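Biologist: I've just opened this one. Can you walk me through it?

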Amino acid sequence: MTGSSTIHPRIVLATCCLSLLLVMMDVTVVNVVLPSIRADMHGGFSTLQWVVDAYTLMVASLMLLVGSLADRFGRRRMFLMGIGLFCSGSALCAMARSVDILIMARAVQGIGGSMLNPVALSILTNVYVEPRSRAQAIGIWGATSGVALALGPVVGGILVHWVGWQAVFWVNVPIGLIAILLTLRFIPESRGGRARGIDAPGQLLAIVALVMITSGLIEAHNYGWTSPTISGFLGFGLLAVMGFVMVEQRAATPLIDLRFFRAWPFSGAIVTAVLAFAIFSAFLFLNTLYLQDVRGLPALQAGLCTLPFACGSMVCAPLSGRLTGRYGARLPLLMSAAGFGLSALLLTGLAAHTPLWWLLLSYGLCGCGFGLCNAPITNSAVSGMPRSQAGVAAAIASSSRQVGALLGIALGGALSAGSVRAGGVQWSEFPQATHVVWWCMAVAAAGIAGLGLVSTGVRARRSARQVAALLDS
């Protein structure tokens with residue numbers, strides 16, 4: 001370890017939490033400003049999806065690679081680079097005068113964001129060496145993520161109301177500069193004891209698969225599901241997925257060790273993360289559009305309407321951690337599925353004049369479901385894994401969350417495309433068009449419940465022990 005001779009763990013923790021606040025709040029804060037961006041830049045429905053997904057695509061694609069690069073070249077160096085890219089991308093977003101530039105700037109933001117989450121966690125584990133203090137620090141760090149995600153729409157509404165949609169991006173710059181100064185002053189440089197090799201073919205195939213599948217889903221309502229363009233996108237995406245599996249089976253240092261998936265708790269956690277974050281991202285995306293473009297609420301009021309979601313998430317996240325520690329992952333996963341499922345079912349009859357209290361009840365239930373799911377996902381992902389592999393397993397679970405968020409926006413838009421016409425979105429038809437999305441969310445919630453039962457049983461724990469022995473051998 002190199003750097004300053006005196007390490008201040010609390011300042012290091014605060015700096016890591018500050019960077020996490022930037023990245024995670026950006027995931028949700030942009031949803032509230034989408035109608036303002038559309039009105040200002042005259043973008044179509046797919047443009048709104050790309051504004052969100054360009055960022056998430058980069059984070060989902062690069063998160064695993066960045067962890068290996070940080071171990072090899074230095075965590076503080078990668079952390080500083082990530083903050084710099086994120087702030088540069090934010091400034092470019094604020095100055096963008098066309099949707100194409102805005103989407104490209106969002107991708108730059110995403111590249112920077114992919115460097116912050118996994119590297120910040122590595123920095124914390126390097127600074128907090130005592131197990132109990134490390135667990136407390138990671139708990140605070142994780143709670144910051146939940147708070148940032150939940151409060152993003154509220155903060156976005158306030159900024160749009162008083163300043164304009166560009167403020168959502170400008171505000172990142174001074175916060176990022178503070179994080180850079182704190183990093184230079186207080187965070188020591190560190191590297192992994194043995195750097196993992198770079199799986200370039202696997203990384204390339206993962207990016208191609210995510211880009212192709214996401215493009216196919218988002219652009220389907222522009223070209224038509226049967227068009228050669230969409231068939232090509234989805235076909236190349238599926239071929240890239242198959243190629244990725246083949247490459248990872250043969251790679252000396254694979255991006256993802258496929259043997260992990262033989263453990264039922266791990267596989268269940270990965271699929272649960274994809275489903276839960278797909279529900280979460282599509283829920284916020286569609287509801288913020290509904291509140292502003294169908295009900296005509298200004299951005300501030302639309303953001304305030306999501307407060308039940310924020311409150312439910314913040315109350316249930318620490319509860320989930322305690323339940324997981326005491327009873328295991330099954331109970332919080334079942335409770336999470338109940339929250340997600342009930343919130344979706346309440347919206348299956350969504351109309352332009354659905355009572356506001358009904359909407360707020362649905363938002364609160366979804367927030368509870370979201371707050372309850374994160375702790376058992378991480379717990380199940382690392383359950384039974386050797387200590388040397390636990391970090392990799394948790395990183396894969398984090399990446400799967402981002403993949404879920406990416407697909408949630410793409411699928412949510414594709415399934416509600418009945419309201420999209422040549423002249424744009426027919427907002428009077430939008431509530432009816434979203435009904436299929438809410439039913440799909442209810443089915444996904446049932447899937448989370450089923451995975452919670454299957455992945456936490458006796459046979460599941462036995463499979464985890466067998467995989468742990470295989471990985472240790």
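Biologist: Which residues does Gln-402 touch, leaving out those up to four places away in sequence?

Modeller: Keep in mind that this is a predicted model, where local features need pLDDT of at least 70, side-chain atom pairs count only at pLDDT 80 or more, and totals for chains, interfaces and linings use all residues. Residues are numbered from 1 along each chain as its sequence is written, and side-chain values use heavy atoms, with hydrogens and water left out. Contact means heavy atoms within 4.5 Å. On that basis, Gln-402 touches Thr-56, Val-59, Ala-60 and Met-63.

Biologist: Is Gln-402 buried or exposed?

Modeller: Buried means under 20% relative accessible area, exposed over 50%, and partly exposed in between (1.4 Å probe, protein chains only). Gln-402 has a relative accessible area of 9%, so it is buried.

Biologist: Which residue forms a salt bridge with Arg-106?

Modeller: A salt bridge here is a side-chain nitrogen of Lys or Arg within 4 Å of a carboxyl oxygen of Asp or Glu. For Arg-106, the closest N and O atoms of the pair are 2.4 Å apart, and the partner is Asp-26.

Biologist: How many residues apart in sequence are the parts that this pair ties together?

Modeller: Helices are DSSP runs (H or I, at least four residues), numbered from the N terminus. Arg-106 lies in helix H4 and Asp-26 in helix H1, so the parts tied together are 80 residues apart.

Biologist: And Arg-38, is that buried or partly exposed?

Modeller: Arg-38 meets Asp-293 in a salt bridge, at 2.4 Å from N to O. Its relative accessibility is 21%, so Arg-38 counts as partly exposed.

Conventions
Helix = DSSP H or I, 4+ residues; strand = E, 2+ residues; numbered from the N terminus.
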